[in-house]
Amino acid sequence: MLLSSGSIAVNGDPVSREKEKNGALIDVGNGTLKPRVEKKKLVKNVISEELEVLWDDGYGTDSVKDYLDAAKEIIKPDGGPPRWFCPVDCGCPLKGSPTLLFLPGIDGLGLGLILHHKPLGKAFEVRCLHIPVYDRTPFEGLVKFVEETVRREHASSPEKPIYLVGDSFGGCLALAVAARNPTIDLILILSNPATSFGRSQLQPLFPILKAIPDELHGAVPYLLSYVMGDPIKMAMVNIENRLPPRIKLEQLSNNLPALLPRLSVMSDIIPKDTLLWKLKLLKSASAYANSRLHAVKAEVLVLASGKDNMLPSEDEAKRLNNSLQNCIVRNFKDNGHTLLLEEGISLLTIIKGTCKYRRSRKLDSVADFLPPSRQEFKYAFDQVVGLLRVASSSVMLSTLEDGKIVKGLAGVPNEGPVLLVGYHMLLGFELYSLVEEFLREKNIMVHGIAHPEIFLGRLENSSNEFGMTDWLKVMGAVPVAARNLFKLLSTKSHVLLYPGGAREALHYKGEEYKLFWPEQQEFVRMAARFGATIVPFGAVGEDDIADLVLDYKDLMSIPVINDYVRELARDTVNIRDETRGEVANQALFFPGLLPKVPGRFYYLFGKPIQTKGREVSLKDKENANELYLHIKSQVERCLDYLLKKREEDPYRNIIDRTAYRAVYGDEVPTFKLD
């Protein structure tokens, strides 16, 4: 097992630094260690308090090949009991990070998170459970072993949550521990939990395994490896999605031959006697966990694969969602049973996107936020909104202190606190390019103040896939609340605020580029309190992407659909007092859109407005209102400028832009600046 260079407990006994002075060691059981040669030092001695924006999370640098290579080292018989180990690749976590305990699947190795060690190691104290190949500890014995660790962790840090990540069989183990410890703050992440083992597609084959001669058993683990996971997706792990298809195919053709020979180790991981024991263990684990679901009080996140050939995981996720008191589901339709070893997104990304990462008893959207990594940035803006980004080919303009308009974001201050105040396009189309450009050009995280419904799960699609609302949270969105704006400005952040909110983003026909701001100066005095710089901005282009054909009034005139809209409105969280006019408590709905041949998005950030030193004067309502109306007029001025100037853009149409790129391959120009 891979151990970090500090004093680590193996089987409950500390291993001194003296023994580890030669670097990372491998625990081969019963506290027996041997040195492991490392090409470079993987563990930093300095514990950081925060991560930089676009940090390197290391996801994609390890693959199933590393899993199988590491398995050879730890499957050697030693007669030892189950134990915990700390992967060296995890390094040192952020200060105050919670503990994450990984509970393995049927293999028992504890290496199932190997693709995720590096990103998880920044946010958690990671420990992995290893159950030796020939160990025969019954399920209740394993439950007690994990439970003892959980209780010790809780006693040492009662204010921190404890994470239990259970893979397949480990999911049953996690549920059992949670049911027995309802007063401990646990967060369960279950990947294709084996609570559905009794309904496994392979049940008819299990009796046959007992009758297979020993000399033929060597083929069984090979077959199981193909049933449990998708070799293609495993081999795709470290291949860049943005690569041309030919290059991706070449890399895949190299990875697959390197992976397949390593599968021979599977017969050593699961010899015949061990396989038969594990099947009995799965049966008892499933029965134990299912009989105690009612006692589980913990937060639960179920990750379910759509192509799981071993368990009916999607159906089981629905059942658990209905049976558990505090459960949400994320489906991954293209993955197999070994979800955590296949191509996809980092487990840390999933935890962040589902608002499950916290370092205390209550989630703090600001203090618990982890900035996006470079890998998350690439995935989000290439794979998730890549089509919109390419189609809209955004033009970013800003205004310098002397009033000159320039291309890029040079006019927006680098030092916070900065409050970006502007117009909300239809469905918030402008958000993605805006956040991306601040990250790409200025390496600045912009926190959007978002509607609370995004965080409550009611806007998720019926497929429960990890989708757009999850990525908004990964990319810095926080629920609209005065306390969150207070915290962001106090930490000198760049904050994105839309006074028109949902009323602008869900406007009616003929209302594009019209501001619907409340009468109250909701943000001016808060900005002045922290000396924030206010930057008004406008964004246009929604009418170049789609036509609005069905607005709220149209939908309410359609039978059945109007009932759905009313039901959604009844459950919607109110964020403004109803007496504040048209902008208050806009009903949420999805308008009917007709896509168009894409035009282009244009952004103009106006001249920065300083509030530093004006806190006293802006406490006066009249002064605050005067500044508020000035900011609103500047936003309207930005919109008018862009609507006029875009008519002069020779590359406003996507066909013209595509032709330009085909000839020159450079960034597509736009209209001439004044």
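## Helix α3 and Glu147

Glu147 is part of helix α3, which covers residues 139-156. Helices here are DSSP runs of H or I with at least four residues, strands are runs of E with at least two, and both are numbered from the N terminus. Glu147 counts as buried because its relative accessibility is 5%; buried means under 20% relative accessible area, exposed over 50%, and partly exposed in between, with a 1.4 Å probe and protein chains only. Leaving aside residues up to four places away in sequence, Glu147 touches Val177, Arg180 and Asn181, where contact means heavy atoms within 4.5 Å.

## The model and the chain

This is a predicted model, in which local features need pLDDT of at least 70 and side-chain atom pairs count only at pLDDT 80 or more, while totals for chains, interfaces and linings use all residues. Residues are numbered from 1 along each chain as its sequence is written, and side-chain values use heavy atoms, with hydrogens and water left out.

The chain holds 24 helices and 22 strands. Of its 674 residues, 57% are buried. Among contacts between residues at least 6 apart in sequence, 81% join residues at least 24 apart.

Strands of a sheet pair through backbone hydrogen bonds, either parallel or antiparallel.

Leu103 has Gly166 in β8 as its bridge partner.

## Strand β12

In strand β12 (residues 395-399), 5 of the 5 residues are buried, so the strand is largely enclosed by the rest of the structure. In a regular strand the side chains alternate between the two faces of the sheet. In β12, Val395, Leu397 and Thr399 lie on one side and Met396 and Ser398 on the other, and all are buried.

β12 runs parallel to β21 (residues 602-605), joined by 4 bridges, and Met396 stands opposite Tyr603. β12 runs antiparallel to β13 (residues 405-407), joined by 3 bridges, and Leu397 stands opposite Lys407. The hairpin of β12 and β13 has 5 residues between the strands, and Gly403 there takes a positive phi near 90 degrees.

Key: Pairing = 2+ DSSP bridges.
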